Amino acid sequence: MRYILYLALFGLYLLHNDVWLWEDACLIYGFPSGLLYHIAYCVVASVLMLLLVKFAWPSHLEVEADPSK
Amino acid sequence: MILAVVALYIALVLGIGLFSHKLFRKTGEDYFVATRSIGSFVLFMSLFGTHMTAFSILGASGESYHVGIGVFALLASSSALLVPAVFLFVGTKLWALGKKHGYLTQIQYFRERWNSDGLGLLLFVVLNLLLVPYLLIGLMGGGITLTQITKGAIPEWVGGLAVIAVISIYVLYGGMRGTAWVNTFQTIVFMVCSGLAFFVISSNMGGFETAMKRVADANPDLIIFGNNIQPLQLLTYTLIPLSVGMFPHLFNHWLTARRAKAFQQTIIFYPLAIAIVWVPSVLLGIMGTLNFPGLQGAAANSILIRMIELHANKVLAGILAAGVISSVMNSLDSQSLAIGSMFTQDIVRHYGFHDNMSESKQVFYGRLFVLLILLATYVLSLFSGRSIFRLGIWSFTGFAALFPVVIAALYWKRSTKYGAFASVISVIVLWIYFFFQAGESEAYTIGGSGIMPVAVLFVVSALCMILFSLVTKAPEPFVVEKFFPSVSQRPLEVL
């Protein structure tokens, strides 16, 4: 699961370059389509972060940080 | 009336900062990292507030006034993905190392990681110099806001001085705890004000959809990426958010976390918080072209304040202006505290006292340096004329190009101090070269190709780290063991 999520992170990074909307002047409820895409991108990024925290959390750090160990 | 509301807001900020002093434990660790006791919510709010500056409020609206919606893609949405990722892969690890070894600054970590005082000194100089433009944008933002809302009755130099005075009081008195608490309050204020300003102004312009249709008719270039941005520019801009991995002030905030899990809320909600703050800023900048056409260059930095002044009543204008000022102070306080911390710990304590310095002296020197830094920044701000957005980008470019240094430190055992030296020196040389190449150009990319200088700096910095590490002697085993304990030596709970 951890590695699938890392792959998803890279995939989402690539999807940031939305060249297909470059000249699209369409307004959706007043929002330019290019802007709406990037707002949706933020929402998807948040969901991905939730999954990373749930399935790829470095839980060993809590113990490693203890100065007495 | 506007000034009265702003004054009330500032009184509240001071009240919170001064109240935090009740919990002050009179130690260096408490003054600089709040005894590593900050929980999830305050950590999230203080990290976010510190990261979002005049750059994201005034700079984003000013730049979108000229460039359009592309500004959001260039910095906001890429930050929404990369900043929380850096917190997850870099921030949590540095928090653990900081807690285990008692670090109060990132220089302390890098110095011990590669067992080199020289590297620590070089990084000290570079990190502090890169913070200067970042500090300047905060002060300039504060000055612009107060001047604009008082219609010039308060000149920019007085506005900047007022911001410095307020920050000095609560940072000197409250230290990191006061800063984190005030940041939390200020972040809530500017997030709410962002939405409120957007709602009020767009309603006053006949509704959001109507206003945007008018923009589409009058300035169609602003609602597309078009010729305002090049595809390579969008791609290479995505390296800029990696700068958070090397910001000294964010490093200090990471160290304040009570536990690693305190980062979780921040990592999950950061992308949404970025959208909440940046979408109104960008849209109001674009809509501002309808009411205030023809602003040139840095004059657009004040577009948000002009819009608030035009469309909101006086009480609301005061509240919204307070929101803008809060975003400005949010970063300035943490940055000055981080620099004060580095001067105290990495210079005075390390070289002057050979790391044996009393707690009271650490607090004294910390306060002294914070005050001196704020005053020096103020003097510099009187002579700076660049746009807030451009100043920010040059600062972020340097920090982002140093990102390979922290990645190598955390994840590559074989990396050496020579690799780190080469990496940092390459950043210095290339940064200076491109800074002078760009001159006063507002939209400089390499050869007009769309490639941002940060891409070249980043790649060269990474290559220098790899090549010089591989051709020099491997680090001493005791250093490697300290930072990469072998599996057999890890605590049982980890295995």
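Before I start, a reminder to myself: I call a crossing left-handed if the near helix is turned anticlockwise from the far one by less than a right angle, and right-handed if clockwise. Also, this is a predicted model.

**Entry 1: the helix pair in chain B.** I looked up α12(B), residues 263-291, and α13(B), residues 303-311. They pack at an angle of about 65°, and their axes lie 9 Å apart. I noted the crossing of α12(B) and α13(B) as left-handed.

Which residues meet there? From α12(B) I listed Leu284(B), Gly285(B), Met287(B), Gly288(B) and Asn291(B). Facing them from α13(B) are Ile303(B), Leu304(B), Met307(B), Leu310(B) and His311(B). Sorted by class, this contact has six nonpolar residues, four polar ones and no charged ones.

**Entry 2: chain A against chain B.** I found 42 residues of chain A in contact with 49 residues of chain B. The area buried between the two chains comes to about 4,200 Å², and carbon and sulfur atoms give 76% of that.

I got eleven residue pairs in polar contact between chain A and chain B, both partners at pLDDT 80 or more. The rule finds one salt bridge across this interface. I tracked down a salt bridge between the side chains of Arg259(B) and Glu62(A), at 4.0 Å, N to O.

**Entry 3: the chain A side.** The elements giving two or more residues to the side that touches chain B are α1, β2, α2 and α3 of chain A. α2(A) gives the most, with 14 residues. By class I have 28 nonpolar, seven polar and seven charged residues on this side of chain A.

Conventions: Residues numbered from 1 in each chain as written. Chains lettered and ligands numbered in written order. Predicted model: local features only at pLDDT ≥ 70, side-chain atom pairs only at ≥ 80, totals over all residues. Heavy atoms only, no water. Axes fitted to C-alpha atoms, helices over the stretch in contact; angles between N-to-C directions. Helix = DSSP H or I, 4+ residues; strand = E, 2+ residues; numbered from the N terminus. Contact = heavy atoms within 4.5 Å. Nonpolar A, V, L, I, M, F, W, Y, C, P; charged D, E, K, R; others polar. Buried area = accessible area lost by both parts, 1.4 Å probe. Polar contact = N/O pair within 3.5 Å; in protein donor to acceptor, adjacent residues only side chain to side chain.
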